[in-house]
Amino acid sequence: MKYFSIHNSLDERITGKLPQVKEVVHNCHVWDDPNFIDRFPFKKIETVPILSNAVLFAEAEQTDLIETGGIGFSYGSMLISNRLKNLLEKHKCHGVQFFPASLIHKNKKIENYWQSHIYDIPYGFLDFDEIDLLLKDRDENGKPIKRYLERMGKDDFLNLKESLKYPKMLFLKNLSFNEEMDLDYFFLPNMEGTGYGIVSERLRKEMDKQNINGIEFKPIEVELNNWLGPHGLRKDIYGKT
């Protein structure tokens with residue numbers, strides 16, 4: 001099955017304005033409150049988390065996916081419409097929870113949104129015999145360096161990933177799945193350019209059929225630098241920004 005990473009739309013005819021979010025209103029002390037959603041990176045939340053509110057520019061449209069990021073919207077979190085949340089729940093999603101959210105637009109509180117939270121990564125569906133591993137680091141002068149490592153199994157990969165300290169970072173390249181893979185939505189934190197997660201072609205077609213807006217789809221085999229830019233493949237599909 002073919003897979004795509006999902007990204008916010010770069011077309012202002014769809015979003016109304018870029019960026020869509022003017023500011024974010026936090027409803028707690030984001031560094032100290034244990035119930036703030038960012039305090040649960042890749043862990044299942046068993047309580048009611050405290051969310052932040054995105055404040056849209058007046059010119060922005062209320063799209064099915066709102067462009068968000070940073071504090072309050074970290075670790076693969078999405079701010080999505082009720083209809084996109086319902087569509088995801090009808091498909092095979094892995095390791096994701098949804099919490100009622102609201103945004104502010106033109107001084108009004110808009111309630112029909114949800115915030116997703118990633119609590120598990122489907123490493124068991126990856127074919128590590130075929131995946132390349134790229135280690136990024138910095139030398140003593142702060143200059144970025146990178147090198148490919150020998151391929152390794154899942155357990156060795158996870159142990160290495162947990163042992164690394166910044167600025168060392170480990171990335172998956174040339175993603176490959178095993179025969180059991182049949183998911184429609186999941187998130188991979190160790191892959192560059194995954195945006196808000198990865199969806200199957202099956203789910204992408206359903207999104208297109210239902211006119212889900214605010215989203216663009218990049219084939220996962222295409223590097224981000226070959227997707228964006230004046231000569232990138234994105235413009236052939238979605239046009240110039």
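Leaving aside residues up to four places away in sequence, Arg83 touches Asp64, Gln210, Asn211, Ile212 and Asn213, where contact means heavy atoms within 4.5 Å. The model is a predicted one, in which local features need pLDDT of at least 70 and side-chain atom pairs count only at pLDDT 80 or more, while totals for chains, interfaces and linings use all residues. Residues are numbered from 1 along each chain as its sequence is written, and side-chain values use heavy atoms, with hydrogens and water left out.

Arg83 belongs to helix H2 (residues 82–89); helices (H or I, at least four residues) and strands (E, at least two) are DSSP runs numbered from the N terminus. A polar atom of the Arg83 side chain lies 2.8 Å from the backbone oxygen of Gln210. Because its relative accessibility is 35%, Arg83 counts as partly exposed; buried means under 20% relative accessible area, exposed over 50%, and partly exposed in between, with a 1.4 Å probe and protein chains only. The C-alpha atoms of Arg83 and Glu206 are separated by 12 Å, although the two residues are 123 apart along the chain.

H2 lies across E5, strand E6 (96–105) and strand E7 (108–118), and runs at about 90° to E5. Axes here are lines fitted to C-alpha atoms, for helices over the stretch in contact, and angles run from 0 to 180 degrees between N-to-C directions. E5, E6 and E7 are among the six strands of an open sheet with the order E2-E3-E6-E7-E5-E4 and mixed pairing. The edges are taken by E2 and strand E4 (65–66), each with a single partner strand, so one side of each has no neighbour in the sheet. Two strands count as paired if DSSP finds at least two bridges between them. E4 and strand E5 (residues 79–81) run antiparallel and are joined by two bridges; in this pair, Ile66 stands opposite Leu79 of E5.

The loop between strand E2 (21–25) and strand E3 (53–56) holds Asp38. Is Asp38 buried or exposed, and which side chain of opposite charge is nearest? Asp38 is buried yet has no salt bridge, and the nearest side chain of opposite charge is that of Arg39, 5.7 Å away. Lys and Arg count as positive and Asp and Glu as negative, while His and the chain ends are not counted; a salt bridge is a side-chain nitrogen of Lys or Arg within 4 Å of a carboxyl oxygen of Asp or Glu. The Asp38 side chain does reach the backbone nitrogen of Gly72, at 2.8 Å, and a polar contact of 3.2 Å joins it to the side chain of Ser74. A polar contact is a pair of N or O atoms within 3.5 Å; within protein, one must be able to donate a hydrogen and the other to accept it, and residues adjacent in sequence count only if both atoms are side-chain atoms. Not counting residues up to four places away in sequence, Asp38 touches Gly70, Ile71, Gly72, Phe73, Ser74 and Tyr75.

A further open sheet has four strands in the order E11-E12-E1-E13, with antiparallel pairing. Strand E11 (185–186) and strand E13 (215–219) are at its edges with a single partner strand each, so one side of each is left without a neighbour in the sheet. Two bridges pair E11 with strand E12 (residues 198–200) in the antiparallel sense, and Phe186 has Ile198 as its bridge partner in E12. Helix H4 (residues 201–209) lies across strand E1 (3–8), E11, E12 and E13, at about 85° to E12.

Strand E8 (residues 132–138) pairs with E10 in the antiparallel sense over five bridges, and Lys136 has Met169 as its bridge partner in E10. Four of the five residues of strand E10 (residues 169–173) are buried, so the strand is largely enclosed by the rest of the structure.

The structure holds 16 salt bridges. One of them joins the side chains of Asp132 and Arg151 (2.9 Å, N to O). This pair links distant parts of the chain, with Asp132 in strand E8 and Arg151 in the loop between strand E9 (144–149) and helix H3 (154–163), 19 residues apart. Arg151 is partly exposed, with a relative accessible area of 44%. Another salt bridge joins the side chains of Arg234 and Glu216 (2.7 Å, N to O). Arg234 is in helix H6 (residues 234–238) and Glu216 in strand E13, so this pair ties together parts that are 18 residues apart in sequence. Both Arg234 and Glu216 are buried.
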